[in-house]
Amino acid sequence: MTAERKQRIFKDLLEDWENAKNSKVTVDKEIAGWNDLYNGISKDNTGKKLLMKEVAKMIEAQKPNITEPFLSTTSPIKIPLAGNIATSSEIENYVNGVFMSDIDREEFINNIVDLLLREGTVWTRTGWVREEMTKEVS
């Protein structure tokens with residue numbers, strides 16, 4: 001790869017990072033506004049704070065309807081069948097087993113729904129912690 005090509009890639013990455021940083025500032029301002037509404041703090045045209053707890057009441061009323069599909073079934077995760085049907089089914093069973101037994105799914109889902117309804121967006125990182133072991137056989 002030429003030095004010119006590397007410079008162009010770096011410049012593109014830097015530009016993407018700047019755009020993302022600017023967008024995040026905008027989104028953070030919106031989230032702060034939504035949190036203010038949830039907490040009953042709003043400003044009218046005169047700058048006075050008004051308490052509007054109706055927003056929080058409406059949000060709390062929606063929570064059971066959103067959490068119910070994830071908490072009322074033993075297999076909330078569906079994996080589309082691709083290629084080997086048996087393998088897709090095995091993976092789906094394994095992932096649902098982990099979701100049902102290895103994590104506190106009720107707390108997880110409730111936290112996600114709470115953030116989604118208050119802030120309008122949720123980011124979660126998923127992944128597997130993998131441990132490898134070697135075993136010597138003599």
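## Confidence of the model

Across the protein, pLDDT averages 81, and 88% of the residues score at least 70. Keep in mind that this is a predicted model. Confidence is highest in helix α4, at 88, and lowest in strand β2 (residues 49-50), where the mean is 60.

## How α2 meets α4

Let's start with a pair of helices. Two packed helices are described by the angle between their axes and the distance between the axes. Helix α2 spans residues 54-71 and helix α4 spans residues 105-119; their axes lie 10 Å apart, at an angle of about 140°. An angle over 145 degrees would count as roughly antiparallel, so α2 is classed as oblique to α4. The crossing of these two helices, α2 and α4, is right-handed.

Which residues make the contact? On the α2 side they are I59, Q62, K63, I66, T67, F70 and L71. Helix α4 contributes R105, E106, I109, N110, V113, D114, L117 and R118. Sorted by class, the contact of α2 with α4 holds 7 nonpolar, 3 polar and 5 charged residues.

## How α1 meets α4

Helix α4 also packs with helix α1 (residues 3-38): the two axes come within 8 Å and cross at roughly 100°. That angle makes α1 roughly perpendicular to α4.

Here the contact joins I31, W34, N35 and Y38 of α1 to D114, R118 and E119 of α4. By class, the contact of α1 with α4 has 3 nonpolar, 1 polar and 3 charged residues. D114 and R118 of α4 take part in this contact, and both are also listed in the contact with α2.

## Salt bridges

Side chains of opposite charge can pair when their charged atoms come close. How many salt bridges does a search of the whole structure find? The search finds 6.

Note on methods
Residues are numbered from 1 along each chain as its sequence is written. This is a predicted model: local features need pLDDT of at least 70, side-chain atom pairs count only at pLDDT 80 or more; totals for chains, interfaces and linings use all residues. Side-chain values use heavy atoms; hydrogens and water are left out. Axes are lines fitted to C-alpha atoms, for helices over the stretch in contact, and angles run from 0 to 180 degrees between N-to-C directions. Helices (H or I, at least four residues) and strands (E, at least two) are DSSP runs, numbered from the N terminus. Angles under 35 degrees count as roughly parallel, over 145 as roughly antiparallel, 65 to 115 as roughly perpendicular and the rest as oblique. A crossing is left-handed if the near helix is turned anticlockwise from the far one by less than a right angle, and right-handed if clockwise. Contact means heavy atoms within 4.5 Å. Ala, Val, Leu, Ile, Met, Phe, Trp, Tyr, Cys and Pro count as nonpolar, Asp, Glu, Lys and Arg as charged, and the others, Gly among them, as polar. pLDDT is the predictor's confidence in each residue, from 0 to 100. A salt bridge is a side-chain nitrogen of Lys or Arg within 4 Å of a carboxyl oxygen of Asp or Glu.
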